[in-house]
Amino acid sequence: AVRSIFGNYANFNGRARRAEYWWWWLAQILLVFVMIIPMVAISPETSEIGATISLILIAVWSIGTLLPNITVTVRRLHDSDKTGWLYLLGLIPYIGGLILFVLMLLPGTPGENQYGDDPKDDVSGEIFA
């Protein structure tokens with residue numbers, strides 16, 4: 001999933017399967033936990049250094065993956081035949097993120113839709129098309 005996301009770093013076209021989307025977010029969460037380790041592992045006397053290192057790592061990672069996070073979400077919306085502009089629902093406090101979360105859980109439309117071929121029909125042998 002990570003290879004697929006970085007292969008489509010700034011690609012807003014096409015469709016992304018649920019598996020691609022959720023594996024990407026699992027990798028994101030695990031990497032952030034790994035980046036928090038310096039904050040926890042360094043002794044209490046130098047905890048400011050550990051916190052600073054962790055925050056810098058998380059900030060750099062967040063900035064570097066901002067565009068792929070948006071593109072995979074837009075392509076996921078495309079998979080269920082919805083416009084990528086629905087991503088802006090996430091800007092609505094409280095309810096917007098919940099609506100977007102539910103949209104990410106919905107199955108994609110079977111077969112071809114206006115955004116491209118069904119990624120599940122890919123016969124290339126890749127798990128995440």
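The largest nonpolar core brings together 9 residues: Ile-5, Ala-16, Tyr-21, Trp-24, Val-72, Leu-77, Leu-100, Leu-103 and Met-104. Such a core joins buried Ala, Val, Leu, Ile, Met, Phe, Trp, Tyr and Cys residues through side-chain atoms within 4.5 Å, where buried means under 20% relative accessible area, exposed over 50% and partly exposed in between (1.4 Å probe, protein chains only). This is a predicted model, with local features needing pLDDT of at least 70, side-chain atom pairs pLDDT 80 or more, and totals for chains, interfaces and linings using all residues. Residues are numbered from 1 along each chain as its sequence is written, and side-chain values use heavy atoms, leaving out hydrogens and water.

- Helices here are DSSP runs (H or I, at least four residues), numbered from the N terminus.
- Beyond four places in sequence, Leu-77 touches Lys-82, Thr-83, Gly-84, Leu-86, Tyr-87, Leu-100, Leu-103 and Met-104 (contact: heavy atoms within 4.5 Å).

- Ile-95 lies in helix 5 and is partly exposed, at 44% relative accessible area.
- Gly-97 is also found in helix 5, and its relative accessibility of 38% makes it partly exposed.
- Leaving out residues up to four places away in sequence, Gly-97 touches Leu-89, Gly-90 and Ile-92.
- Between Gly-97 and Tyr-87, 10 residues apart in sequence, the C-alpha to C-alpha distance is 9.2 Å.

Technical notes. Helices (H or I, at least four residues) and strands (E, at least two) are DSSP runs, numbered from the N terminus.
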